Each structure stands twice: as C-alpha cells, then as structure tokens.
Amino acid sequence: MTDTPQCPAPGTRSRSVKYVLMLGALAALPAVTTDMYLPSLPAVVEDLATTQAAAQLTLSGTLLGGGIGQLVIGPFSDRFGRRLPLVIGISLHVVISLLCSITPNIETLIGLRVLQGFFNAAAAVVAIAVIRDRFVGSAAARLLSRLMLVIGVAPLFAPTMGQAIAGLWHWRAVFYALALIGVVLVAIVWKFMPETLPKDRRSPGRPRHVASAYGSLLLRDRHFMALAVIPGLGLGMIMSYVVGSPFVFQHEYGFTEQQFALAFALNGAALVLSAQLNAALVRRVPPLRLLRTAVLVQLVLALLLLAAVATGTGGAWGLMAGLWLVLGVQGMIPANASVLALHNYGHMAGTAAAVIGALQSGVAGLVSPLVGLLGGNALSMVCVMIGCCTLTVIVLAAGTPAYRKGGWAEHAERSDDERVVADG
C-alpha cells in the first residue's frame with residue numbers, strides 16, 4: 001500500500017467527482033446493508049416463524065453493532081491509517097453476509113447482523129475521517145452534503161433492488177448481493193483509495209492514549225457531545241420511519257410491495273434534494289445558522305404530520321406528504337452538526353468521527369425498536385419521530401450557544417475556502 005498518496009486537487013472537477021463517489025459509496029455501505037434488506041422483513045417473519053418486533057431487531061442490531069464498531073475502528077484508523085481498517089472491515093462484511101444467507105433462525109440472524117454492523121462501520125467512520133483529514137468549515141460541510149447525494153441513492157434504489165432480488169429468488173439472496181457489493185468496494189479501496197493520514201500525523205494508539213482521547217478530550221467537551229448526538233437523533237428519527245414503514249404502508253394502508261418501494265424511494269429523494277440544497281446554501285450561510293433553523297422547522301413539520309395522522313387527514317397521501325417534508329429537512333442537519341463537532345479535532349479525526357458515528361448507530365438502534373413496542377402503527381411511528389425532533393432542539397439549545405446572541409461567532413465567520421493546512 002502506498003503510505004501517502006495525495007487526494008485529488010479540489011479544483012480538478014472530474015477527479016473530485018470520482019473522489020466524492022468513492023467516499024460516498026463507502027459511507028453508504030451501512031445504509032445499503034439496512035435498506036436492501038428492508039422489504040424482506042415480512043418474509044423473514046414468516047420464514048423464520050418469528051415476530052415483527054424480533055425481525056426489526058435485525059435492523060436495530062446492525063445499528064448497535066455499528067456504534068460499537070466505530071468506537072473501536074476510529075482509533076484504529078488514527079493509529080494505522082485509513083486504508084487498512086477499510087480492507088479488513090469490508091472483507092469481514094463479505095464473510096458475514098454469506099453467513100447471514102444460511103442462518104437457521106432469527107436469533108442467529110440478529111447476532112450476525114450485529115457483527116455485520118460492527119465491521120462495516122469501518123466504511124462509514126473512515127469516509128468521514130478522510131473528509132476531516134483534508135477539509136474544515138464550510139468546505140467540509142459542502143463535501144459532506146455532496147456525499148449525501150451518493151448516500152441518498154441507497155433509499156432510492158436499495159429497497160427496489162432488494163425487493164427484486166427477493167422476488168426472483170428468496171430473501172436470503174439479498175445477502176449474496178450484499179457480499180458482492182463488499183467485494184467490489186474492497187477492490188476499489190485497494191486500487192483507488194488514497195491514504196490521507198501520513199505516518200507523522202498518526203496517533204500512538206496505545207490504550208491509555210485512546211482512553212484519554214475518548215474521556216478527557218471528547219466526552220468532557222459538552223459542545224462537542226451535543227453536536228455529536230444530533231446526527232444520532234436524526235438517524236433515530238429516520239430509522240423509526242424505516243423500521244415502521246413496511247408494516248405501516250403495506251399492512252395499515254394496503255400498499256403493494258412495489259408501491260411501498262416507490263414510496264420509500266420518493267422519501268429518499270427528499271433527503272437527497274435537501275442535502276444538495278444545504279451544499280448550495282452553505283456557500284453563503286454559515287453551517288451553524290442552517291443547523292439551528294433546520295431543527296426548528298423540522299419539529300414544526302413533524303407536529304403537523306402528527307395532526308394529519310391522528311385525524312386521518314389526506315389518508316395515505318397526507319402521510320406521504322408529511323413524511324416527505326419531515327425527512328427532507330433532515331438532509332440539512334447532520335452534515336452541519338458533524339462539521340461543527342469535528343472543527344477542533346483535526347489531529348484525531350478518526351476518533352472524533354467514531355464518537356459521532358457511534359452515537360448515530362447507538363441512538364438509532366435504541367430508538368427504532370420503540371415503534372414496534374408502541375404498536376407498530378403510523379401513530380406510534382410518528383410519535384417516535386417527534387420525540388427525536390424534540391430532543392434535537394433541546395440538545396442544541398441546552399448543550400451549545402447556538403441560540404444565544406453572538407454564540408459561536410468564530411464558526412459563523414469561517415471562510416468557504418478553508419482547507420486543512422496546519423494539520424497536514
């Protein structure tokens with residue numbers, strides 16, 4: 001492996017697009033792993049003679065495993081560079097996908113999905129760390145928003161692909177497809193992925209150093225932790241929709257599997273469009289202002305969605321429109337929160353990104369089962385989503401100076417063209 005190949009120059013458009021596509025494909029692996037399998041949940045319930053709540057644990061388990069995996073893999077990438085964790089993690093994702101395809105019962109499948117989430121966390125945490133290795137401020141926010149375009153392809157196409165594969169063969173064949181995707185990604189990383197963390201910038205990686213990084217620097221930084229948990233609450237809101245939507249649309253509203261896949265794709269498009277809007281706006285509006293406005297707008301829209309569901313206004317169309325708006329605003333939240341959180345941690349970007357990723361997976365994994373436990377219907381799904389939106393506003397207001405006069409002026413005044421120089 002080459003120790004210090006250089007990233008494409010930001011001014012070289014074609015190479016930059018390829019770079020974004022590569023990072024986006026890596027960052028999307030956990031989402032693809034979840035969404036391609038999503039339409040198979042009812043078939044899993046029937047085939048493995050289990051319950052809806054147990055089948056949903058195969059999704060939540062993947063998220064929880066991903067949270068733990070990021071906490072381990074983040075410091076590992078700060079010590080050994082970005083490429084090695086990717087090759088190891090995605091290779092084990094391939095092996096576990098094949099094991100999932102032959103699982104005999106739901107308990108084994110849940111356990112394997114936890115492991116799958118643990119190892120493919122390497123793709124997500126390293127993709128974010130690579131961005132922080134090279135960019136800060138609004139430049140990083142724009143790149144993260146562009147990545148959302150690639151990541152957003154997962155909700156657009158993965159459920160449809162998963163439904164097609166399961167329809168032609170069996171739900172177990174979905175895991176063969178996931179294994180094949182992993183093989184392709186390993187090949188891409190091996191041939192094209194540049195190492196963005198030179199040896200002279202790597203951390204010692206000793207247990208004491210890692211414990212100090214997590215404890216003294218990150219977990220005691222109140223502003224960092226507040227910003228880091230916001231993407232987790234956002235993913236918890238999305239996953240509440242993800243785990244509940246197959247049953248809400250197909251059982252409660254009578255959608256066919258094809259109609260559900262289309263509805264899911266339309267809502268995925270909302271995430272993609274808002275992320276691109278954020279990438280455009282962040283050139284002129286500081287990330288902090290976009291973040292504090294977006295979370296309030298999202299909460300208002302979520303309350304309107306609750307009113308529509310509770311009263312039956314618009315039926316399925318009312319539900320679809322409300323979900324489209326609420327999920328659409330989400331595309332403007334995690335990129336800005338992550339950039340602000342990572343701003344002061346360029347020297348340990350892998351570890352800091354791991355905390356953000358672990359909170360994303362962990363919070364979402366804990367929140368999403370609530371939909372099934374509360375009844376698994378549209379009302380319970382929307383109530384859990386509102387809870388996440390409400391907590392997001394509270395955390396941002398209480399844990400940061402975002403809503404205080406003059407709060408974080410230094411962040412608001414950052415130049416659009418900032419790049420990492422001191423760190424590299």
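The following questions and answers go through a few features of this predicted model.

Biologist: Which helix supplies the largest share of the nonpolar patch?

Modeller: The patch covers about 770 Å² of the surface, and among its residues are F76, F80, I88 and L92. Helix 4 (52-80) and helix 5 (83-100) each supply at least two of the patch residues. The largest share, five residues, comes from helix 5.

Biologist: Is I88 buried, partly exposed or exposed?

Modeller: I88 has its place in helix 5, and it is one of the residues that make the nonpolar surface patch. A residue counts as buried under 20% relative accessible area and as exposed over 50%. Because the relative accessible area of I88 is 38%, I88 is partly exposed.

Biologist: Which side chains meet in a salt bridge, and how many residues apart are they?

Modeller: The structure holds one salt bridge, and in it the side chains of D47 and R172 meet at 3.6 Å, N to O. The pair links distant parts of the chain, with D47 in helix 3 (residues 41-47) and R172 in the loop between helix 8 (153-168) and helix 9 (173-192), and the two are 125 residues apart.

Biologist: How many disulfides does the structure hold, and how far is the sulfur of C389 from the closest cysteine sulfur?

Modeller: The structure holds zero disulfides, and C389 counts as buried at 1% relative accessibility. A disulfide needs two cysteine sulfur atoms within 2.5 Å. The closest cysteine sulfur to that of C389 is in C388, which is too far for a bond, at 6.9 Å.

Notes
Residues are numbered from 1 along each chain as its sequence is written. This is a predicted model: local features need pLDDT of at least 70, side-chain atom pairs count only at pLDDT 80 or more; totals for chains, interfaces and linings use all residues. Side-chain values use heavy atoms; hydrogens and water are left out. Patches are made of residues with over 30% relative accessible area and no salt bridge: like charges are joined within 9 Å, nonpolar side chains (Val, Leu, Ile, Met, Phe, Trp, Tyr) within 5 Å. Accessible areas come from the Shrake-Rupley method with a 1.4 Å probe; for residues, only the protein chains shown count as cover. A salt bridge is a side-chain nitrogen of Lys or Arg within 4 Å of a carboxyl oxygen of Asp or Glu. Helices (H or I, at least four residues) and strands (E, at least two) are DSSP runs, numbered from the N terminus. Buried means under 20% relative accessible area, exposed over 50%, partly exposed in between (1.4 Å probe, protein chains only).
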